[in-house]
Amino acid sequence: MRRTLIYNILLGLCSCIGTVFCSCSDYLDRETDSYIDKNMTFSSYERTSKYLVSIYTIIPDGLDRMGSGGMFDAATDDAEQALDASNVQSFNTGSWNAVYNPDNMWDRLYYGIRMASEFIENADLVNLNTYKNDPGNQTEYQNRLKDIRIWKAEAQFLRAYFHFELLKRYGPVPIVTTPLSVNGNYTGTTRPSMEECVSFISKECDNAASVLEVSPWRDNTALGHATKGAALALKSRLLLYAASPLYQDWTDISETSLPSNQSQWEAAAAAAKAVIDLGQYTLNPFYTDLFTNNFQSTEFIFIKRYPANSSFESYNFPISYGGKGGTNPSQNLVDAYEMNDGTTFSWTDANLAAHPYKDRDARLNATIIVNGSQWKQNTVESWTGGKDGAYTTNATKTGYYLKKYANESVNILTGGGALGHTWPIFRLAEIYLNYAEALNECSPGHPDIAEYVNTVRSRADQPDLPSGLTQEQMRERIRQERRIELAFEEHRAWDVRRWKIASSTLGAALRGVTITKGDDGAFRYVPYTVERRTFLPKMYWYPIPQSELLKLKTWEQNPGW
């Protein structure tokens with residue numbers, strides 16, 4: 001199979017992993033001994049394999065990363081969280097800082113980096129003498145040697161991925177490639193440059209890709225592991241970010257400075273094209289069924305897969321179906337979907353305003369439950385007074401419910417029909433848009449730009465982009481396409497930051513729609529402001545956790561914090 005799956009397996013780490021750590025503690029916490037020592041762990045082929053799987057579990061969750069069903073997209077102009085007490089609301093009100101950050105991934109990601117580094121350092125200790133000394137088992141001996149080489153490359157990919165997840169949040173961070181000594185003194189650790197961090201992660205991707213194969217090798221036991229495509233896709237995203245305005249001078253958080261570097265955009269375009277040229281991935285025929293646990297789709301390059309459960313549906317179903325409101329798509333996002341003829345929706349057009357969901361981009365219906373949507377053979381009533389409408393406990397705050405990822409077959413009351421869920425980390429449509437964006441910046445007018453954007457659009461039966469667009473016009477269309485195509489996949493928060501447009505997006509008023517039903521049965525839709533959001537320039541980067549600055553004596557806090 002070509003896909004890369006991640007199974008969210010909760011292993012008993014303290015019982016099967018050597019040199020484990022008592023908690024996901026901070027960067028300068030060093031290794032501690034468990035009752036299974038390092039030699040015992042890495043001398044065993046089976047325990048070494050389990051150790052690698054445990055590193056995959058460090059990858060951040062997507063469907064419930066903020067707790068209580070909260071998705072990180074509710075911290076953008078694309079959504080609101082129905083639960084007022086949700087951690088994600090701290091981002092929207094601006095009530096987060098170096099002491100309290102609900103998305104503080106510093107400890108968790110460095111924990112993963114430490115585990116990956118230890119794996120790379122010790123995986124060659126696996127004792128294969130039983131096979132090596134048996135003339136009849138030479139094939140299996142060679143296979144297991146290859147396993148170990150590939151496992152080390154997977155760990156290198158994961159280490160790169162964790163460093164990237166830190167970089168996009170905090171800016172340049174300590175580069176760690178070995179388990180830290182318990183007796184070490186790290187107070188003098190200097191902060192690397194942005195260029196050093198990007199170069200390190202890029203080389204890690206290259207080195208991992210040089211060993212990894214294009215598909216999981218041997219048999220189905222290799223499913224759930226990174227492939228060459230995953231390593232190259234990470235490099236594509238990394239270099240796209242690195243070429244973007246925010247990363248050119250990361251300490252300049254003003255939105256008036258929008259520097260560009262031709263060679264970096266060229267490198268980003270080449271990195272995306274390298275993934276495409278693997279020829280291993282194809283767009284799923286239908287966007288509508290891509291996110292309903294369709295983990296075998298050839299579009300997915302790297303995913304995190306969740307076991308069968310109904311928790312996502314319990315949080316996000318409309319309330320009359322047993323849901324708790326969950327993540328509510330915004331009117332801001334709904335308005336961004338084009339008409340199906342490629343024109344722009346407008347509330348000033350009386351005909352469109354009377355039927356705002358008619359004849360829209362098919363991805364709207366695939367992503368969002370609107371008033372009148374058919375769900376579980378019933379009609380969703382998001383109008384005031386309707387069974388899913390405003391002023392009812394846990395009801396949507398915006399007039400919309402999230403459809404993407406939800407399995408319609410689930411019966412929340414009985415728990416029946418529960419299926420797994422698939423969280424896309426890298427998929428081909430993103431790579432197409434990465435390529436188009438980078439190419440538009442370094443070679444505007446190149447025919448590949450429109451070709452790849454139109455390929456993504458055509459899957460949703462949207463018409464081709466108009467010909468003759470200027471570089472600036474194409475830039476806006478690509479950004480629009482990313483917002484629609486990649487909605488609720490945790491791209492929006494980082495895209496608007498790297499483009500340096502967060503004040504007008506993350507800081508914009510979050511809008512919903514009031515829906516009333518007349519005596520004649522007709523609905524009236526009136527957009528309104530749900531919440532006024534706060535975004536300050538310092539929020540382009542997360543603050544370094546205050547506890548870490550007490551140890552990193554030579555470091556200054558990130559700009560503005």
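This is a predicted model: local features need pLDDT of at least 70, side-chain atom pairs count only at pLDDT 80 or more; totals for chains, interfaces and linings use all residues.

Guide: Start with a term. A helix here is a DSSP run of H or I with at least four residues, and helices are numbered from the N terminus. Helix 12 is such a run, covering residues 311-316, and tyrosine 315 is found in it.

Buried would mean under 20%, and exposed would mean over 50%.

Now look at what surrounds tyrosine 315. Set aside its neighbours within four places in sequence. Tyrosine 315 is then in contact with Ser68, Gly69, Lys324, Gly325 and Gly326.

Step back to the whole protein. It has 20 helices and 10 strands. Its radius of gyration is 24 Å, close to the 24 Å that the globule rule gives for 561 residues, so the protein is as compact as a globular protein of that length. Its C-alpha trace spans about 85 × 55 × 45 Å along the principal axes. Of the 561 residues, 57% count as buried. Contacts across the sequence matter to the picture too. Take the contacts with a separation of 6 or more: residues 24 or more positions apart account for 73% of them. The accessible surface comes to about 21600 Å², and 49% of that belongs to carbon and sulfur atoms. As for charge, there are 55 positive and 65 negative charges, and their mean positions are 2 Å apart.

Serine 86 lies in the loop between strand 1 (79-81) and helix 4 (89-93). Its relative accessible area is 5%, so serine 86 is buried. Beyond its neighbours within four places in sequence, serine 86 is in contact with Gly67 and Gln81.

Alanine 208 belongs to helix 8, residues 194-211. It has a relative accessible area of 0% and is therefore buried. Apart from neighbours within four places in sequence, alanine 208 is in contact with Ala153, Gln156, Phe157 and Ala231. Threonine 516 gives a sense of distance. Alanine 208 and threonine 516 are 308 residues apart in sequence, and their C-alpha atoms are 56 Å apart in space.

Turn to the aromatic rings. The structure holds 36 aromatic pairs. Tryptophan 106 and tyrosine 110 make one that is tilted, with 5.2 Å centre to centre and 55° between the planes. These two residues are 4 residues apart in helix 5 (residues 106-122), so about one helical turn separates them. Both tryptophan 106 and tyrosine 110 are buried.

Which member of the pair is buried, and which is partly exposed? Phenylalanine 523 has 30% relative accessibility, so it counts as partly exposed. Tyrosine 525 has a relative accessible area of 11%, so it is buried.

Ring pairs also build a cluster. It links Phe72, Phe91, Trp96, Trp106, Tyr110, Tyr170, Trp494, Tyr542 and Trp561.

Last, two backbone details in loops. Phenylalanine 488 is found between helix 18 (471-485) and helix 19 (492-498). Its phi is near 60°, a positive value in a residue other than glycine. At 0% relative accessibility, phenylalanine 488 counts as buried. Lysine 500 lies in the loop between helix 19 and strand 9 (509-517). Lysine 500 is not a glycine, but its phi is positive, about 60°. Its relative accessible area is 3%, so lysine 500 is buried.

How values were computed. Residues are numbered from 1 along each chain as its sequence is written. Side-chain values use heavy atoms; hydrogens and water are left out. The radius of gyration is taken over C-alpha atoms; the globule rule is 2.2 Å times the number of residues to the power 0.38. Buried means under 20% relative accessible area, exposed over 50%, partly exposed in between (1.4 Å probe, protein chains only). Contact means heavy atoms within 4.5 Å. Accessible areas come from the Shrake-Rupley method with a 1.4 Å probe; for residues, only the protein chains shown count as cover. Lys and Arg count as positive and Asp and Glu as negative; His and the chain ends are not counted. The place of a charge is taken as NZ of Lys, CZ of Arg, CG of Asp or CD of Glu. Rings of Phe, Tyr and Trp (its six-membered ring) pair if their centres lie within 6.5 Å; planes under 30 degrees apart count as stacked, over 60 as edge-to-face and the rest as tilted.
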